[in-house]
Amino acid sequence: MAKGILGKKIGMTQIFEADGRLIPVTVVEAGPCVVVQNKTEETDGYNAVQLGFGEIKEKHMTRPMKGHFDKAGVTPVKFVKELRLSAPSEYTVGQQITADIFAAGELIDATGISRGKGFAGTIKRHNFARGPMKHGSKSHREPGSMGPMHSGPGGRVIKGKKLPGRMGNAQVTVQRLTVAKVDVERNLILVKGSIPGAAGSFVVIKETRA
């Protein structure tokens, strides 16, 4: 992975391509980001660069984070994320990274926190089929048998079985999305298709892996 940037999802809109086709795009306010820390194989056991994005008031910071920013000599930021890079030495602490590191036509991977949908049953969460709707069925939307490991007492539910539970609100990465347009003056990146997360949520955009 050679490059990446942090940003905030603004929302979705649509643009026209040169041939007149209308395409849906997600608008991301990408940067400016600041390099907070460089991590190397020698000192930390792996190579990475720590980026920060978004304004935050000092009263909303914890003391450890304030000390971390003071040590780096950078303005405190709200969203901090590490990106694994093969050559973090290309970045220096305090360096500003803007949307111009990407160009139209490049392939990217976008990571965000998906929308939370609360507690959901198996039909909504895992696309199960419902049971018979006749009177007396009593299993219209139930998940069905738990499937014990063996007959007799002591059977257990297999770990990872698809059951009701919390849906959404999880980290999701969509790979190989195409950059439709980059507006350097307004720090905007327009990405073809959708990106996980609600409008206003933070996202990570990285160069896609081959």
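1. Lys3 has a relative accessibility of 17% and therefore counts as buried, where buried stands for under 20% relative accessible area, exposed for over 50% and partly exposed for what lies in between, with a 1.4 Å probe and protein chains only. Lys3 takes part in a salt bridge with Glu106, whose closest N and O atoms are 2.8 Å apart; the term requires a side-chain nitrogen of Lys or Arg within 4 Å of a carboxyl oxygen of Asp or Glu. The two partners come from distant parts of the chain, 103 residues apart, with Lys3 in the segment before E1 and Glu106 in the loop between strand E6 (96–97) and strand E7 (107–113). Glu106, with a relative accessible area of 22%, is partly exposed.

2. Please keep in mind that this is a predicted model, in which local features need pLDDT of at least 70 and side-chain atom pairs count only at pLDDT 80 or more, while totals for chains, interfaces and linings use all residues. Residues are numbered from 1 along each chain as its sequence is written, and side-chain values use heavy atoms, with hydrogens and water left out.

3. How many salt bridges does a search of the whole structure find? There are 8 of them, and side chains of opposite charge can pair when their charged atoms come close. One of the pairs is Lys66 with Glu58, with 3.9 Å between the closest N and O atoms; Lys66 is partly exposed at 29% relative accessibility, whereas Glu58 is exposed at 53%. Another joins Asp183 to Arg186 at 2.9 Å between the closest N and O atoms, and Arg186 is exposed, with 57% relative accessibility. Glu17, Asp19, Arg21 and Lys192 are linked in a network of such bridges.

4. Lys9, which is placed in strand E1 (residues 4–16), is buried yet has no salt bridge, and the nearest side chain of opposite charge, that of Glu29, is 14 Å away; in this count Lys and Arg are positive, Asp and Glu are negative, and His and the chain ends are left out. What does the side chain of Lys9 reach at 2.6 Å? It reaches the backbone oxygen of Gly197, and a polar atom of the Lys9 side chain also lies 2.7 Å from the backbone oxygen of Ile195. Not counting residues up to four places away in sequence, the residues that Lys9 touches include Thr26, Val27, Pro196, Ser201 and Val203, a contact being heavy atoms within 4.5 Å.

5. The structure holds 2 aromatic pairs. Rings of Phe, Tyr and Trp (its six-membered ring) pair if their centres lie within 6.5 Å, and planes under 30 degrees apart count as stacked, over 60 as edge-to-face and the rest as tilted. The rings of Phe53 and Phe202 are edge-to-face, because their planes stand at 90°, with the centres 6.0 Å apart. This pair links distant parts of the chain, since Phe53 belongs to strand E4 (residues 48–55) and Phe202 to strand E12 (residues 202–207), 149 residues apart. Phe53 is buried, with a relative accessible area of 6%, whereas Phe202 is partly exposed at 24%.

6. Phe202 also pairs with Phe79, and here the rings are stacked, at 4.7 Å centre to centre and 5° between the planes. Phe79 lies in strand E5 (residues 77–84) and Phe202 in strand E12, so the pair ties together parts that are 123 residues apart in sequence. Phe79 counts as buried at 16% relative accessibility, and Phe53, Phe79 and Phe202 form one aromatic cluster.

7. Val49 is found in strand E4 and is buried, at 1% relative accessibility. Leaving aside neighbours within four places in sequence, Val49 is in contact with residues including Val35, Gln37, Lys81, Leu83 and Tyr91. Val49 and His60 are 11 residues apart in sequence, but 24 Å apart in space from C-alpha to C-alpha.

8. As to the whole, the protein chain has 3 helices and 12 strands, which are DSSP runs numbered from the N terminus (helices being H or I with at least four residues, strands E with at least two). Buried residues make up 33% of the 210 residues, and among contacts between residues at least 6 apart in sequence, 70% join residues at least 24 apart.

Conventions: Polar contact = N/O pair within 3.5 Å; in protein donor to acceptor, adjacent residues only side chain to side chain.
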